[in-house]
Amino acid sequence: MTDQNVSNAPVPQSPFEQIKRIDPDGNEFWSARDLMPLLEYAKWQNFKTVLLKAQIACENSGYDPDDHFTDVGKVVELGSGANREVEDFHLSRYACYLVVQNADPSKEIVALGQTYF
């Protein structure tokens, strides 16, 4: 007997899975700079507010935010060809969960993130 509901079509990969990274020790993390546009935030200043709320929630839950929000710099190339370092964070899965919980709930991608994380 064959299952009529099984399809050989590839399952689309979650956009959150597509930006996930793995460090040299095999730990998964997400770059806040990659997560920001995915969650439809155009400005770092607006997204930084969400990150700060998520860090407060992390601390209020009894966890050390430094274990989940690793402050890293990221070098970006400017239009002039010059390089500039910008603020970024490597986020654990738990940090991403807290970020999407504190993001704008009117955005459809935020609901998808709440389901994913």
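Which residues are buried in helix α5 (residues 108–116)? The legends below begin with this helix. The model shown is predicted.

**View 1. The buried and exposed residues of helix α5.** In α5, the buried residues are Ile 109, Val 110 and Gly 113. Looking down the axis of α5, these buried residues fall within an arc of 100°, so they line one face of the helix. Glu 108 and Thr 115 are exposed, on the other side of α5. The buried residues pack against three helices: α1 (15–18), α2 and α4.

**View 2. The contact of α4 with α5.** Two packed helices are described by the angle between their axes and by the distance between those axes. For α4 and α5, the angle is about 145° and the axes are 9 Å apart. Helix α4 contributes Arg 93, Val 100 and Gln 101 to the contact, while α5 contributes Val 110, Gly 113, Gln 114 and Tyr 116. Sorted by class, three of the contact residues are nonpolar, three are polar and one is charged. The crossing of α4 past α5 is left-handed.

View 3. Strands of a sheet pair through backbone hydrogen bonds, either parallel or antiparallel. Here four strands form an open sheet, with antiparallel pairing and the order β1-β2-β4-β3. β1 (21–22) and β3 (69–77) are the edge strands, each pairing on one side only. Between β2 and β4, which run antiparallel, there are two bridges. Trp 30 has Leu 91 in β4 as its bridge partner.

**View 4. Helix α4 across the sheet.** Helix α4 covers residues 93–102 and lies across β2, β3 and β4 (83–91). Relative to β4, α4 runs at about 95°.

**View 5. The hairpin of β1 and β2.** Strand β2 consists of residues 28–31 and pairs with β1 in the antiparallel sense, over two bridges. Arg 21 stands opposite Phe 29 of β2. Five residues lie between the two strands of this hairpin, and Gly 26 in the hairpin has a positive phi near 90°.

**View 6. Glu 40 and its loop.** Where does Glu 40 lie? Glu 40 is in the loop that runs between α2 (32–38) and α3 (44–60). Most residues other than glycine have a negative phi. Glu 40 is not a glycine, yet its phi is positive, at about 65°.

How values were computed
Residues are numbered from 1 along each chain as its sequence is written. This is a predicted model: local features need pLDDT of at least 70, side-chain atom pairs count only at pLDDT 80 or more; totals for chains, interfaces and linings use all residues. Side-chain values use heavy atoms; hydrogens and water are left out. Two strands pair if DSSP finds at least two bridges between them. Contact means heavy atoms within 4.5 Å. Axes are lines fitted to C-alpha atoms, for helices over the stretch in contact, and angles run from 0 to 180 degrees between N-to-C directions. Buried means under 20% relative accessible area, exposed over 50%, partly exposed in between (1.4 Å probe, protein chains only). The arc is that of the directions from the helix axis to the C-beta atoms. A crossing is left-handed if the near helix is turned anticlockwise from the far one by less than a right angle, and right-handed if clockwise. Ala, Val, Leu, Ile, Met, Phe, Trp, Tyr, Cys and Pro count as nonpolar, Asp, Glu, Lys and Arg as charged, and the others, Gly among them, as polar.
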